[in-house]
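Here are my notes for a first look at this structure. Please read them with the model open beside you.

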Protein chains: 2
Amino acid sequence: MTRIGCLGGGQLGRMLALAGYPMGLSFTFLEPASNSSAGQVGEQLVGPYDDPELLARLGADSDLVTFEFESVPEQSARAILSHSPVFPPPGALLLGQDRLLEKRLFERLGIQAAEFAAVDTLGDLDRAIDQVGLPARLKTRRLGYDGHGQARITEREEAEFAWDKAGGLPSILEREVGFDRELSILGVRSTAGEVALYPLTQNHHQDSILRLSLAPAPGIGSQLQASAEEICRLILEELAYQGVLAVELFQVGERLFANEIAPRVHNSGHWTMNGAATSQFENHLRAGLGWKLGSTAAIGHSAMVNLLGDLPDPARVLAVAGAHLHLYGKSPRPGRKLGHVNLTGADPVAVTAASVEVAEVVGAKLPPPADGNSFWPAPSP
Amino acid sequence: MTRIGCLGGGQLGRMLALAGYPMGLSFTFLEPASNSSAGQVGEQLVGPYDDPELLARLGADSDLVTFEFESVPEQSARAILSHSPVFPPPGALLLGQDRLLEKRLFERLGIQAAEFAAVDTLGDLDRAIDQVGLPARLKTRRLGYDGHGQARITEREEAEFAWDKAGGLPSILEREVGFDRELSILGVRSTAGEVALYPLTQNHHQDSILRLSLAPAPGIGSQLQASAEEICRLILEELAYQGVLAVELFQVGERLFANEIAPRVHNSGHWTMNGAATSQFENHLRAGLGWKLGSTAAIGHSAMVNLLGDLPDPARVLAVAGAHLHLYGKSPRPGRKLGHVNLTGADPVAVTAASVEVAEVVGAKLPPPADGNSFWPAPSP
């Protein structure tokens, strides 16, 4: 039996394990929180991500190690390399953790993205405003500095206030993109070099949390899909990537702007569990093991509604046509991702309507169908 | 969290658990063999199926109990009823365990089946031959008497030999049906009375072990599907059944003969894990919980190849287009069911070809495509 180790024991790890058991894999998770979502369905080492002893043990007890949490320190992933191969390549963690490196990667690969400039001092910020223009957002380079997230700048006079809000930390200034909608593409590259791309997914966030995905994103021409695949493929190849990688995109007219990458299985790919020939979780594992990738083709149409904060009544959720429930074994807490509901069917309008029905059942707020920034599938005339 | 108890800890239990975790269920299995297939992914009570203490514990620790092994004593299932509801109804176990009761059920419901007669003595056998005709098979009523399985009788002179072979045990004589092919239908009925039927599946056995299923069975007209659904529905309603039930059928021209029923999730339904909108395992649980059933519609075409005796190289299996691997965590042993491979795709001819490819990889013997008793999908001209 091939033993998979995993840094992080959240829901992504749990879903990896449930996808991996049928392929004869076993799982051990390193995660500080006991009785974690993944630990409920696999073995768990309880402890911090940077505990040298636990990292050595995870590596020694595993044939192959992956990660499911993008804030895992790159050094932790590297520390395992002396015991076991690790995928995705640990260096990819840095890209997900540092906005400047991420932007420079886009730039180096000729991938269109919002204009940006590095900002290390208030003086830099002043010059950056000249360079990228306004409105723009000042964002700390590193994620996870609570309270020092982002500040929007519309007038030059707001610069100092924004700089204070960023805590004076190394940051970037990013020109605001007036986008039509948010999309994402999931790509997967195996250790054998095989690449497969999923259809574009349309995403709706509120308060920076994903609420709803529609897949395949409605109204996508073959040109736009090809552009997204090209962007994702460039990144996968540049990083000699292994596993699933998500690229968040903005659509502006018929153009795509890269926004962020996530070097792991991704919330916007959860629809693949019921709506694609092969789920992102199965393909992530197949990729790391060097096995042939499964088909990434969509089966009909899908919607995914995140379950945040409260646990729903399963009977009511499953009473909605085409609904499949995915709970993570986590306790309720305001805003916490506790699960998701996938809706599948042959008719995109019916699937979207079902997602609205589920949102009502679970008390989720969805953007209104008439929202100017969303492309809801329109009923055929 | 709803706690499901299960009598039996084989692969069917394992697949129930993997289908149930996403719906927020937990699982405990009662199974004599330690480190069982299901016990590897859930809690296990190790002990015999008729241990009163363990049965009481399973019932007390569960909100709902099911079974995955049809030779579980009916009394064991009934013993749990004082602690927890049990589904399917324990009485259904008797039908799966006694060929005479099964045949009488078909008779009572007006379901066409092979002619039969009960045989308790050698004299009975002589009269039975007059009644049902030859060739016929003498079968012990109860299953599981090793070595006392079946005896084929083509000439009256073979009667005494057959009776000896049956060990003089209560038996039935069953007229042999010259069938065109073997089919099965899976039905599911919920505690709320909702019924759903899967498309007919074509099955190929060798040495009484299922080797290959094709689904939906090729060349099935709506009439034949409707007849199969009617048969299954009659049985589900008669038994006030809850959960998944399989009916094995013989096709003779455009007529169906009921052969056997299995009051549980069934090997011939394993294709539903990748080839139907909702797997038989998910629907079995939804049925027992009284939740709305998921769609039983097929997604494209599927084939299922059983893995018997030897563990295959996963990389080679998954190199076949449309292949999904399902291993049960069991050690190799000649003839033992260790897993199965599902093949899915839009083109039935390609899917069948893929199943032949997998059979070659895993060393499985499939019936030749030109076999007079099989309906292989023909390439379109």
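1. Start in chain B, at Glu74(B). This residue has its place in helix H3 of chain B, which covers residues 74–80. Keep in mind that the model is a predicted one.

2. Is Glu74(B) buried or exposed? Its relative accessible area is 11%. The cut-off for buried is under 20%, so Glu74(B) counts as buried.

3. What does Glu74(B) touch, apart from its neighbours within four places in sequence? The contacts are Pro90(B), Gly91(B), Leu93(B) and Leu94(B).

4. Next, the interface. On the chain A side, 24 residues are in contact with chain B, and 24 residues of chain B take part in turn. About 2,200 Å² is buried between chain A and chain B. Carbon and sulfur atoms give 63% of that area.

5. How many salt bridges are there between chain A and chain B? The count is zero. Over all chains, the count comes to 32 salt bridges.

6. Now helix packing in chain A. Helix H1 (residues 11–20) of chain A packs with helix H10 (residues 280–288) of chain A. The angle is about 75°, and the axes are 8 Å apart. Angles of 65 to 115 degrees count as roughly perpendicular, so that is the term for H1(A) and H10(A).

7. Which residues make this contact? From H1(A) come Leu12(A), Met15(A), Leu16(A), Ala19(A) and Gly20(A). From H10(A) come Phe281(A), Glu282(A), His284(A) and Leu285(A). By type, the contact of H1(A) with H10(A) has six nonpolar residues, two polar and one charged.

8. Stay on helix H10 of chain A. Glu282(A) also forms a salt bridge with Arg286(A), through their side chains, at 2.7 Å from N to O. Both residues lie in H10 of chain A, four residues apart, which is about one turn of the helix. Are Arg286(A) and Glu282(A) buried or exposed? Both are buried. Elsewhere, Lys103(A), Lys139(A) and Glu174(A) are joined into one network by salt bridges that share partners.

9. Helix H6 of chain A (residues 122–132) holds another such pair, Arg127(A) and Asp124(A). Their side chains meet in a salt bridge at 2.9 Å, N to O. The two are three residues apart in the helix, so about one helical turn separates them. Arg127(A) has a relative accessible area of 52%. Exposed means over 50%, so Arg127(A) is exposed.

10. Asp130(A) and Arg156(A) also form a side-chain salt bridge, at 2.3 Å from N to O. Where do the partners sit? Asp130(A) is in helix H6 of chain A. Arg156(A) is in the loop between strand S7 (150–153) and helix H7 (159–165) of chain A. The pair is 26 residues apart and links distant parts of the chain. Asp130(A) counts as exposed at 53% relative accessibility, while Arg156(A) is partly exposed at 33%.

11. Check two peptide bonds. The bond from Phe87(A) to Pro88(A) is cis, with omega near -15°. Pro88(A) belongs to the loop between helix H3 (74–80) and helix H4 (91–97) of chain A. In chain B, the bond from Ala215(B) to Pro216(B) is cis, with omega near -15°. Pro216(B) is found in the loop between strand S12 (209–215) and helix H8 (222–238) of chain B.

12. Look at the backbone of Asn35(A). Its phi is near 50°, a positive value in a residue other than glycine. Where is Asn35(A)? The residue is in the loop between strand S2 (25–31) and strand S3 (43–46) of chain A. With 59% relative accessibility, Asn35(A) counts as exposed.

13. Finish with Ala240(B). Although not a glycine, Ala240(B) has a positive phi of about 45°. Its loop runs between H8 and strand S13 (243–252) of chain B. The relative accessible area of Ala240(B) is 42%, which makes this residue partly exposed.

Definitions and conventions:
Residues numbered from 1 in each chain as written. Chains lettered and ligands numbered in written order. Predicted model: local features only at pLDDT ≥ 70, side-chain atom pairs only at ≥ 80, totals over all residues. Heavy atoms only, no water. Axes fitted to C-alpha atoms, helices over the stretch in contact; angles between N-to-C directions. Parallel < 35°, antiparallel > 145°, perpendicular 65-115°, else oblique. Contact = heavy atoms within 4.5 Å. Nonpolar A, V, L, I, M, F, W, Y, C, P; charged D, E, K, R; others polar. Buried < 20%, exposed > 50% of the residue type's maximum accessible area, 1.4 Å probe, protein only. Buried area = accessible area lost by both parts, 1.4 Å probe. Salt bridge = Lys/Arg side-chain N within 4 Å of Asp/Glu carboxyl O.
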